[in-house]
Amino acid sequence: MIFGKNAEQMLKYQKAKAKLVEYHVPVNEYPGFTMNSNELSYPTTYILSRYSECVIEENQRELDELEPFLRSAAQYYDAAFNSEDRKIYDIDFLMSGASAYFLNNDFGSAKVLAEKANTILENNVDANPQTLLLNIYNYLLGGVSLPFLKGNSTFVEVNNYFRDYFEKGQNQEVLKTKLFEYRGVIYSAADPDDVFYVDILLAVIFIACRNSSWELLTQCSDIIMEDWTSYLYKTSSIKMLWPAQRLIAEKGILRGENAIVQLPTGVGKTKSIELIIRAAFLSHRAHTAIIVAPLRALCNEITMDMHRSFSKDVTINQFSDVLQNDFSNLFSDNDQKQILICTPEKLSYILHHDTNFLNLIDLFIFDEGHMFDDGSRGVAYELLVTHIRQHLSNKQQFVLLSAVLSNSEKIQKWLFADNGVLASDPKIVSTPKSVGFTSNQKNIYFFTDDKSEEDYFIPRVIKIQKLKNLPRERKEHLFPDLTSRSLSSSIDIAIYNALKLCSNGGVAIYIAQQRSMKTVFERLLDLNKREYDLDDLKNNSDALELEKIKSFIEQYYGSDHYYTKAAQLGVLPHSSNIQNGVKLVAEYAIKKKHVACVVCTSTLAQGVNIPIKYLLVTSMRVGQKMMKVRNFQNLIGRTARSGIYTEGSIIITDTKIYDERRNKKGKYAWNECVKMFDPQSAEPCSSSILSLVQDMKIDYKYVVRGKKFIEAVINHLDEKESLERYAKELVEEYLKKKPDGTQNIVKQVQWRQEILDCIENYLCLVYSDENMDKDKESVAVDICINTLAYALATDEEKELLQKVFLKISGVVQKYPTVQLRSYANAMSGIAQSLKIEQWIIANELVENCFSEEELLDMIIEFYLELNDDMRYRDQFQDVCQAWVKGKLPYEIGAEKELDISEIDDLCSKRISYELNFLIGNICDLIVINEENDEQVDPRNTLMILQEKMKYGVPSITAVSICEKIFNDRLLALKLTEILDDENIPPDRIVRRLKRKQETIFSVLEEYPVYFCDRLKFALR
């Protein structure tokens, strides 16, 4: 064997050496290695050389034999360079590693090593195969233009014909002829290095030609070359399709096939989306495409990517998250193609208010499309996709992308039956991840492919240091403190590792629960007080930018808050609850390497592309439960973005997991943990609707059977309080068996009530169609049968689902069509809509002319009635008013004596989302009699209030800035002051900002660079 057991062990040793350098372990502390890993240079050179020859010879049989060893060769060269013990060979390690990665179709890792080679060979003008190979990597992978050379040498001819083919699609055969001539010249000179690199050069160019856009795009799209040329002539065009893009092309998606694309994170999804849209536009199959993504931040990212890709050739519109009509007048008679971008919630809102909207979309792309079992969002998402699926014509295309759909074949069958494809390939993998487990022995044990077999360990990497005591303290304090309770110890080890590793690349300290954010930051500040050396965090940040970020956070949270003080040390927060501007700044700072460390919650797993090298996991549990394997896979997929790093590291900082893995109890925790790293163990994507008819688990012993619960639904659904009385009955029954723990029952019944409300609202939408000529019961059954829930259900569950849909249908049919139209628009259950209607009548909203302030007070009072169990009831009204006035968290906290974390929580969830949604419901349920002159229409005032509530700003101009420029309250207010006009609508804000851009940019110079960059993009 070329690469036997000894070679595998040597590779582990070489990786271990690289890790020792990564962890700054002194050479005198290296463990004794029983084999000399340097000897791997010989077999890996043979593998790379012979593989290249087989590509040239088209020897597929031997290529298949060598392929498994090619990745090992690439990893060896990568690790050999990182080991820093044979620096004289660095350029050869980098070029050989880049070539092995490239030939193995890992173009992202090839790009990383090629960029490192550039720093060594900077300004190199030698006309040899190595130089030409590096120039070609720079062109294909880095977007660096290839110069046109003068002269008659074969080196010059290969360079120029390569350039001709990839820029103009010309002379591929001449290029191949010249390559063989060049090979002959090099062989005759007999320089061993040049002979080695010239074969690699030929192999690389042959593979590049096979994957070239000129070769594949016409072949796989049925679009003639002339239609592709205007795009392919651009310097920004995709010159070569990466494996994921090639798969998408070969599966017929560029021809218009409906598809599920199930590929790992970081393999070229953005470019794939661009190609799908471009092919749809060029073929005239599509005039309008819509991209649906689950987070506003992800929508922002996609919008910027689409602007960069399509420039001014296409109109790009991103809808705001405010649930109101900003989607009319989008479709005009001109020929300009357009891309729309929004969240699923916004698309659902549009569908409820304009059922014809979907007919105007030619291409639907759903990103992160595994949300069918994502709580209450999952219900609305499933009904949205079900609706599109049922109404999808042969001329429309639907593409759903996800990295974590383990049952993608079932989802494909449900979505498309026989009219779609699944684009998935196990050979296409994301950048490799090493997994390290920390131990109380102060070592880190690393595993890669097989989590049952340790690869290597880094000895004594944790050095415990005695900390300085604060005044009046006598107890000894240590860091990291391995004796403290599990989470504190885990956080200590995470901080310690962040300090060790931040010089190598971006670090994220992951915490499972929002409330632990404070614990991490306060420990950092405690260490700083005790004069522990935290300088590495700051030294690996951009000092000027860090000072701006710290000052910016201070304006939100005050000088004494732990976010502000930690920012000064070089650590930023990232979670769903923090102020949006702070979150945007943190993402951008990590992305641009202005800051090296972020403390984050699961928001990192939800599609935000922060390029980190290290993920330090303090806990895998959310409360008492292990997080879903699927969510964990999505989380670790954020490490080692392709083209930025060749490897990512996930380090588990809870020492008990490794140390107790052989104990009876610990073995179970270890196996659970190991399972998290196996993509094959990921839970299948289920359906929130299906959970309605499944068993309700109260605790480990007490279960309410799905059948029994559905009987209760049938018996209680007509009541005004719906399932509230049933929840009380369950609580009473449970108390007889166990006198505590009833909160879980109420929560589970409330959750199922939300599912029922979503279905009920959807039936309101369907039944409000005056042209519907089918029997309503058969329509309800038809909708039920078309859901994912039904496709995944057992026979018994299918029967129960039909019963539920029929019962809800019976309730909905009691209301006239006009009323159902209003209820559908409100996007809530009928019971909630009735309460809102009664409130509108009782408060005489259309009889009296109320001011914005009066309406706000009335709505807050109504919201508190609907949510009688919420905390901070007494302060809620004051916090709401302060939020809408644009007051910042530290100001509100000082006035109301509330913890700032509670203010963030209230503002991001209760006010910006729930109260905002309620105002939208009220607008939709107001009925104006146009013939009654005495009636007033409060909807315009309410809609303005709704926008202010969403963004936490006091003026229309500030709202426009948040929607169209950047969603930051603080700077929206500052820019409003500069514009000196509080009433500039969104469609005029860019024009007005341009007039004062010099003043605005001078003000923004004092703030994090994100805002200047974002404004430049908006004003381009």
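**Close-up views: a helix and its salt bridges**

**View 1. Helix 18 is mostly covered, with 13 of its 16 residues buried.** Welcome to this predicted model; we start with the helix that spans residues 486-501. From first C-alpha to last, helix 18 reaches 22 Å, close to the 22 Å expected at 1.5 Å a residue.

**View 2. Five charged residues are linked in a network of salt bridges.** The members to look for are Glu473, Asp492, Arg523, Asp526 and Arg530. For context, a search of the whole structure finds 48 salt bridges.

**View 3. Asp85 and Lys17 form a salt bridge.** Their closest N and O atoms are 3.8 Å apart. The pair links distant parts of the chain, 68 residues apart: Lys17 belongs to helix 1 (residues 5-22), while Asp85 sits in the loop between helix 3 (60-83) and helix 4 (90-103). Asp85 is partly exposed at 38% relative accessible area, whereas Lys17, at 12%, counts as buried.

**View 4. Glu672 meets Arg621 in a salt bridge, 3.2 Å from N to O.** Glu672 lies in helix 26 (residues 664-676) and Arg621 in strand 17 (residues 621-622), so this pair ties together parts 51 residues apart in sequence. Here Glu672 is buried, with a relative accessible area of 17%; Arg621 is partly exposed, at 31%.

**View 5. Asp905 and Lys909 pair within helix 38 (residues 900-925).** The two residues are four apart, about one turn of the helix, and their side chains meet in a salt bridge of 3.4 Å, N to O. Asp905 is partly exposed at 26% relative accessibility, and Lys909 is partly exposed at 44%.

Terms used. Residues numbered from 1 in each chain as written. Predicted model: local features only at pLDDT ≥ 70, side-chain atom pairs only at ≥ 80, totals over all residues. Heavy atoms only, no water. Expected span 1.5 Å × (residues − 1). Buried < 20%, exposed > 50% of the residue type's maximum accessible area, 1.4 Å probe, protein only. Salt bridge = Lys/Arg side-chain N within 4 Å of Asp/Glu carboxyl O.
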